[in-house]
Amino acid sequence: MNPTTALGSRHPASIVLDPPRLPAEKAARLVLVGRVLAVVGLLAAAGAAVADSHRFAFSYLVGFTFVVTLALGGLVFVMIQHLTRAGWSVAPRRQMEWLAGSLPVLAVLFVPIALLSHDLYEWLHPEAMKDHVLRSKAAYLNAPFFFVRAAIYLGAWAGLSWFFTSRSRRQDETGDPQLTRSMQAFSAPAVPIFALTITFAGFDWLMSLQPHWYSTIFGVYVFSGALSSALAALALGTIALQRSGLVKSVSTVEHRHDIGKLLFGFTVFYAYISFSQYFLIWYANIPEETVFYLSRWVGSWKPLGLVLVFAHFVVPFLLLLSRSGKRSPLVLGIAAATLLVGHYVDMYWLVMPILDKQGMSPSWIDLAALLAPVGVLAWWVTDRAAKDALYPMRDPRLHEAVQLENA
């Protein structure tokens with residue numbers, strides 16, 4: 001189908017768009033790379049689980065949360081664009097739909113965490129009930145309720161991702177503007193559903209690793225890391241597509257500039273939330289709260305915490321501070337790659353001190369446990385990129401994206 005005739009009367013006739021799909025040869029190579037990464041990652045993870053199941057449980061939780069938060073960042077981006085009826089983001093939105101669409105597959109990857117949950121969470125052990133603090137939280141921290149909540153989170157995310165991604169792909173075929181209206185209408189109730197589920201998932205899977213500790217801002221902390229890392233992935237994907245020359249009339253330096261502005265903004269937002277959590281705990285100096293930072297300020301965890309500050313804030317902040325930095329593929333790419341590394345460091349810093357209490361003890365198991373979920377995500381994204389249009393070619397607001405111009 002010729003996208004220039006599929007856009008409808010709202011689109012100026014002078015707009016000529018690129019072919020919306022990857023060439024067959026490029027698509028085949030991309031799919032092969034994704035499948036190889038998935039197979040290698042799953043085999044490596046299986047070997048790591050056999051070699052040391054206890055360490056694998058923690059390492060796998062790091063990898064799983066790293067990838068799932070990336071996908072969740074893609075999902076909330078898609079919902080917010082529909083909620084605000086944004087036009088500029090139609091061009092890069094498909095990449096975020098690929099990330100979000102992986103959530104039903106990633107839900108299956110929760111199974112190893114469920115099977116190894118006794119290695120991760122001390123409150124699942126019967127002897128933990130001797131602790132009066134844990135006993136007071138038993139109505140919430142118990143195995144049946146934990147797994148029911150996990151099923152609710154994963155089911156909600158899978159349902160939301162299916163709703164938005166399936167309708168967007170269907171619109172590529174039918175051009176029905178009613179699909180856009182339905183996504184706009186549903187995005188309003190979808191956002192609070194997302195907010196509640198990501199918050200409580202952060203409480204359950206990460207904060208309860210130290211069940212005596214609590215932070216009411218932790219859900220926002222997880223959200224800010226998810227969206228900033230997804231924007232970093234979007235920046236890298238946009239740069240790659242633009243360099244390929246496949247979307248030159250749909251995705252331009254103006255879109256790169258807007259992505260850079262969002263990435264800059266949420267980098268600052270993440271730093272604000274992180275500092276707010278630290279400052280309030282430091283100021284109150286309550287033992288039940290300070291234990292979180294004290295356990296991450298011993299041995300080699302201290303320099304890793306400083307790496308997190310620079311990778312997740314200082315370096316991206318400085319690189320993206322100027323207008324030229326946001327528009328430059330090189331500068332934006334370095335900032336985005338640094339932030340993705342920082343996001344993995346963040347997940348590692350949240351989880352691994354529970355296991356390695358005296359300092360970092362890196363292992364090949366950490367890498368193997370990361371490769372499995374990353375490989376599955378790569379397989380999903382490359383498969384969708386080979387099958388789908390590279391942009392929502394019949395979205396009624398596509399002409400706004402094509403004509404985007406920053407002041």
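1. A crossing of two helices is called left-handed if the near helix is turned anticlockwise from the far one by less than a right angle, and right-handed if clockwise. By that convention α9 passes α10 in a left-handed crossing. The structure is a predicted model, in which local features need pLDDT of at least 70 and side-chain atom pairs count only at pLDDT 80 or more, while totals for chains, interfaces and linings use all residues. Residues are numbered from 1 along each chain as its sequence is written, and side-chain values use heavy atoms, with hydrogens and water left out.

2. On the overall fold, the chain has 18 helices and zero strands, where helices (H or I, at least four residues) and strands (E, at least two) are DSSP runs numbered from the N terminus. The radius of gyration, taken over C-alpha atoms and compared with a globule rule of 2.2 Å times the number of residues to the power 0.38, is 22 Å, close to the 22 Å that the rule gives for 407 residues, so the chain is as compact as a globular protein of that length. Along its principal axes, the C-alpha trace spans about 75 × 40 × 40 Å.

3. Of the 407 residues, 55% count as buried, a class that means under 20% relative accessible area, with exposed meaning over 50% and partly exposed in between (1.4 Å probe, protein chains only). Contact means heavy atoms within 4.5 Å, and among contacts between residues at least 6 apart in sequence, 83% join residues at least 24 apart.

4. Two packed helices are described by the angle between their axes and the distance between the axes. Here axes are lines fitted to C-alpha atoms, for helices over the stretch in contact, and angles run from 0 to 180 degrees between N-to-C directions. The axes of α9 and helix α10 (residues 177-205) come within 10 Å and cross at roughly 155°, which makes α9 roughly antiparallel to α10; angles under 35 degrees count as roughly parallel, over 145 as roughly antiparallel, 65 to 115 as roughly perpendicular and the rest as oblique. The residues of this contact of α9 with α10 divide into 19 nonpolar, seven polar and four charged, where Ala, Val, Leu, Ile, Met, Phe, Trp, Tyr, Cys and Pro count as nonpolar, Asp, Glu, Lys and Arg as charged, and the others, Gly among them, as polar.

5. Helix α14 (residues 301-319) and helix α16 (residues 329-351) have axes that come within 8 Å and cross at roughly 150°, and α14 is therefore roughly antiparallel to α16. Their crossing is left-handed. The contact involves residues including W301, L308 and L319 in α14 and V331, L339 and W349 in α16, and by class it has 14 nonpolar, five polar and one charged residues.

6. Two residues within helices deserve a look. T238, in helix α11 (residues 218-244), counts as buried at 1% relative accessibility and, leaving aside its neighbours within four places in sequence, is in contact with P92, Q95, S251 and I259. D172, in helix α9 (residues 143-174), is buried with a relative accessible area of 5%.

7. Most residues other than glycine have a negative phi. R85, in the loop between α3 (53-83) and α4 (90-101), has a positive phi near 55° and is exposed, with a relative accessible area of 52%. N285, in the loop between α12 (253-284) and α13 (287-294), also has a positive phi, of about 55°, and counts as exposed at 55% relative accessibility.
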